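Dear colleague,

I am handing over the structure below. My notes on it follow, arranged by topic.

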Amino acid sequence: MNNRVLDLSESPARLHAENGLLCVDIPGATRRTFPFSTLAAVVCSHPQVTLTEAVLAELAAARAIFVACDRKHLPAAMLLPLLSHSTQTEKFRLQAEAPLPLRKRLWKNIVSAKISAQSALIHALHGPEPALERLARSVSVSNAAAVESQASRLYWPRLFADSSFRRSDEDDPRNALLNYGYAIVRAVCARALCGAGLHPALPLHHHNRFDPFPLANDLMEPFRPLVDRWAVHWWRNQQCGLTREAKQSALAALTGRFAGGSESRTLFDWAQIAADRLVRCLERSLKKLEIPLLEPSRHETPERGDPEDSE
């Protein structure tokens with residue numbers, strides 16, 4: 001199963017394809033190889049990484065994603081496998097023709113799931129937060145944006161138990177941790193949407209003209225607290241920002257298994273289930289987009305993988 005995320009951010013590297021393998025050559029180090037069939041995403045944020053066209057073609061054939069990041073380690077572009085679904089044109093049409101009331105109803109479902117996940121995380125970290133719990137139950141089609149904003153104002157000061165924390169503060173190392181984790185989840189969701197035959201550029205809600213994949217940002221909202229949980233624990237234990245070790249820890253946490261009800265699956269699976277349900281909602285065969293509340297599985301130990309997956 002292709003569920004490995006390879007991060008290339010610490011060293012110059014040359015990537016090329018050979019006999020079904022991604023070959024990574026780093027100056028002064030032994031060549032490393034990865035079967036394309038095991039890769040879900042390659043995240044590149046080092047300015048001196050070069051690669052061949054064959055690498056991009058092989059990644060697309062394996063339904064993997066290539067993510068190019070800017071100097072702040074934020075995703076600037078993604079290569080997505082857009083020809084991986086047999087009825088893709090039909091799905092694109094469903095997206096393009098989805099009426100506004102349907103899109104608003106689906107966005108309401110997403111916001112409700114997101115605030116429920118935020119409320120559950122705050123409860124697990126710090127105890128009950130009744131106001132946040134009430135907001136999770138009060139989301140409607142007409143007030144989704146307002147309630148999401150109210151929840152945000154309650155959530156962020158409580159998350160790190162720091163009333164001075166601001167998501168807009170680029171100098172706060174905690175935001176670098178969050179942004180890196182969100183980049184991984186965004187790539188996972190974009191991949192799931194493509195696998196379901198949807199185009200990540202046709203949104204339900206997000207409409208930033210500088211964002212090439214707004215539907216991925218829509219779908220990832222309920223999964224953001226998974227990143228937040230990891231970032232809080234990392235900050236508590238390490239008191240440092242986005243180091244190589246932090247990236248390794250984030251990859252290990254986000255590629256582990258998560259429990260949703262009686263099931264334990266990877267985030268790749270849960271994102272694919274959500275994307276498939278979104279298709280059924282667009283087809284009108286499903287009335288509600290349900291995304292279960294997820295938490296790290298207590299019965300599974302997340303596979304840490306190769307400790308050098310973060311270069």
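Cysteine 69 is buried, at 16% relative accessibility. The model is a predicted one, and it holds 0 disulfides. For cysteine 69, the nearest cysteine sulfur is that of cysteine 44, 7.5 Å away; because a disulfide requires the two sulfur atoms to be within 2.5 Å, cysteine 69 is in no disulfide. Cysteine 194 is in no disulfide either, with the sulfur of cysteine 189 as its nearest at 11 Å. Cysteine 194 has a relative accessible area of 0% and is buried.

Next, the sheet. Four strands make up an open sheet with mixed pairing, in the order β4-β3-β2-β6. Its edges are β4 (32–35) and β6 (49–51), each of which pairs on one side only. On average, neighbouring strands here are turned by 20° against each other, direction ignored. Strands β2 (residues 13–18) and β3 (residues 21–25) run antiparallel and are joined by 5 bridges. In one of the pairs, alanine 17 has leucine 22 in β3 as its bridge partner. Helix α1 (residues 53–61) lies across β2, β3 and β6, and runs at about 60° to β2.

On charged pairs, the structure holds 12 salt bridges. One of them joins the side chains of arginine 31 and glutamate 18, at 3.9 Å from N to O. Here glutamate 18 belongs to strand β2 and arginine 31 to the loop between β3 and β4, so the pair links parts of the chain 13 residues apart. Both ends are partly exposed: arginine 31 at 40% relative accessibility, glutamate 18 at 36%.

Another salt bridge is formed by glutamate 129 and arginine 158, with an N to O distance of 2.9 Å. Glutamate 129 is in the loop between α3 (100–126) and α4 (130–137) while arginine 158 is in helix α5 (residues 144–159), so this pair ties together parts 29 residues apart in sequence. Glutamate 129 is buried, at 15% relative accessibility, whereas arginine 158 is partly exposed at 27%.

A further salt bridge, at 3.2 Å from N to O, connects the side chains of arginine 224 and glutamate 221. Arginine 224 and glutamate 221 are both buried. Through salt bridges with shared partners, Lys114, Glu148, Glu221 and Arg224 form one network.

Regards

Definitions and conventions: Residues are numbered from 1 along each chain as its sequence is written. This is a predicted model: local features need pLDDT of at least 70, side-chain atom pairs count only at pLDDT 80 or more; totals for chains, interfaces and linings use all residues. Side-chain values use heavy atoms; hydrogens and water are left out. Buried means under 20% relative accessible area, exposed over 50%, partly exposed in between (1.4 Å probe, protein chains only). Two strands pair if DSSP finds at least two bridges between them. Helices (H or I, at least four residues) and strands (E, at least two) are DSSP runs, numbered from the N terminus. Axes are lines fitted to C-alpha atoms, for helices over the stretch in contact, and angles run from 0 to 180 degrees between N-to-C directions. Contact means heavy atoms within 4.5 Å. A salt bridge is a side-chain nitrogen of Lys or Arg within 4 Å of a carboxyl oxygen of Asp or Glu.
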